[in-house]
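Here are my notes after a look through the model.

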Protein chains: 2
Amino acid sequence: MATGQDRCGCRIIHLDKVVSARETAISAAEIEKLSQVFKAFADPSRLRILHALQEEEMCVCDLSALLEISESAVSHQLRLLRTMRLVANRREGTVLYYRLLDRHVPELIALALLHLREE
Amino acid sequence: MATGQDRCGCRIIHLDKVVSARETAISAAEIEKLSQVFKAFADPSRLRILHALQEEEMCVCDLSALLEISESAVSHQLRLLRTMRLVANRREGTVLYYRLLDRHVPELIALALLHLREE
DNA sequence: GTAATATATGAGCAGATACTCATATAAAGG
DNA sequence: CCTTTATATGAGTATCTGCTCATATATTAC
């Protein structure tokens with residue numbers, strides 16, 4: 001494991017802090033996944049989709065009308081959310097109804113909103 | 001307010017759902033701010049910085065050593081987090097010590113981690 | 001004052017991202 | 001079978017982002 005001192009010009013003032021931070025640090029793999037979760041929430045269109053689905057399942061063209069963006073754009077975002085396992089769909093004829101797949105989604109949005117509103 | 005029907009090719013299958021979703025929708029301004037909050041968490045380097053600062057305040061070069069990225073890169077990320085009012089600093093001589101400015105930061109990270117680990 | 005240290009900041013660039021547009025697919029109706 | 005409807009998907013593109021590199025600033029030591 002590199003200490004950081006063996007790298008060009010990389011000084012450490014408080015080695016103890018760095019060492020103890022390394023001990024409690026989240027693994028690189030988990031950090032990567034974590035950042036992708038937040039990335040899923042880090043776009044206005046996806047946020048609005050996730051928030052709308054909190055109330056009830058909706059199909060692509062309804063979401064398109066709600067957000068006032070193209071159905072293609074909605075579909076692309078839904079694919080990303082599907083890949084992230086945040087939403088799932090159910091087919092009824094030609095219509096696909098999307099729903100939230102995870103109870104943490106509303107919690108994360110609510111917590112972030114709380115943060116905003118306390119500023 | 002546009003109903004969505006007056007736009008080229010924008011169909012609505014379930015008008016009732018769209019209308020009720022519009023009623024409970026978060027305002028555009030808040031959606032924008034919300035997405036920026038999540039964006040602040042949506043990068044591995046920033047996540048690691050925020051997580052490290054949960055334990056104790058740290059200076060730029062310590063964070064640089066911890067993350068193994070340049071001090072300039074850390075400084076740029078810290079500026080973003082400062083602008084977002086997620087961190088603040090205190091000067092002691094030439095050293096700037098950064099700390100978390102918001103109690104929701106650890107909560108958001110913990111909640112997202114919980115989500116990950118329940119998969 | 002000058003030099004050194006710790007950090008900030010602007011420009012520039014490679015990669016990521018959120019859309020558009022055209023095309024493909026899947027189910028239902030005829 | 002062919003057509004329509006609802007959605008998916010690939011390519012292309014403009015914008016955004018996270019870094020590097022060079023330079024600027026602020027504080028301390030001399």
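1. In β3(B), which residue is the bridge partner of B:Glu92? It is B:Val95. Keep in mind that this is a predicted model.

2. That pair belongs to a hairpin: β2(B) and β3(B) have two residues between them. One to click on is B:Gly93 in the turn, with a positive phi of about 70°. The two strands run antiparallel, and six bridges join β2 (residues 87–92) of chain B to β3(B).

3. β3(B) also pairs with β1 (residues 58–59) of chain B, again in the antiparallel sense, here over two bridges. If you want a spot to check by eye, B:Met58 stands opposite B:Tyr98 in β3(B).

4. Now the DNA. There are 27 residues around DNA strand C, and those that come nearest are A:Ser70, A:Gly93, B:Cys59, B:Cys61 and B:Ser75. The elements giving two or more residues to this surface are α5 (71–83) of chain A, plus α4 (60–67), α5 (71–83) and β3 (95–100) of chain B. The largest share comes from α5(B), with six residues. By class, the surface near DNA strand C has 12 polar, nine nonpolar and six charged residues.

5. Last, the protein–protein side. Chain A puts 53 residues in contact with 53 residues of chain B. On the side of chain A that touches chain B, at least two residues each come from elements including α1 (15–24), α3 (44–55) and α6 (104–117).

Note on methods:
Residues are numbered from 1 along each chain as its sequence is written. Chains are lettered from A and ligands numbered from 1 in the order in which they are written. This is a predicted model: local features need pLDDT of at least 70, side-chain atom pairs count only at pLDDT 80 or more; totals for chains, interfaces and linings use all residues. A residue is near a molecule or strand if its C-beta atom, placed from the backbone, lies within 6 Å of it. Helices (H or I, at least four residues) and strands (E, at least two) are DSSP runs, numbered from the N terminus. Ala, Val, Leu, Ile, Met, Phe, Trp, Tyr, Cys and Pro count as nonpolar, Asp, Glu, Lys and Arg as charged, and the others, Gly among them, as polar. Two strands pair if DSSP finds at least two bridges between them. Two residues are in contact if their C-beta atoms, placed from the backbone, lie within 7 Å.
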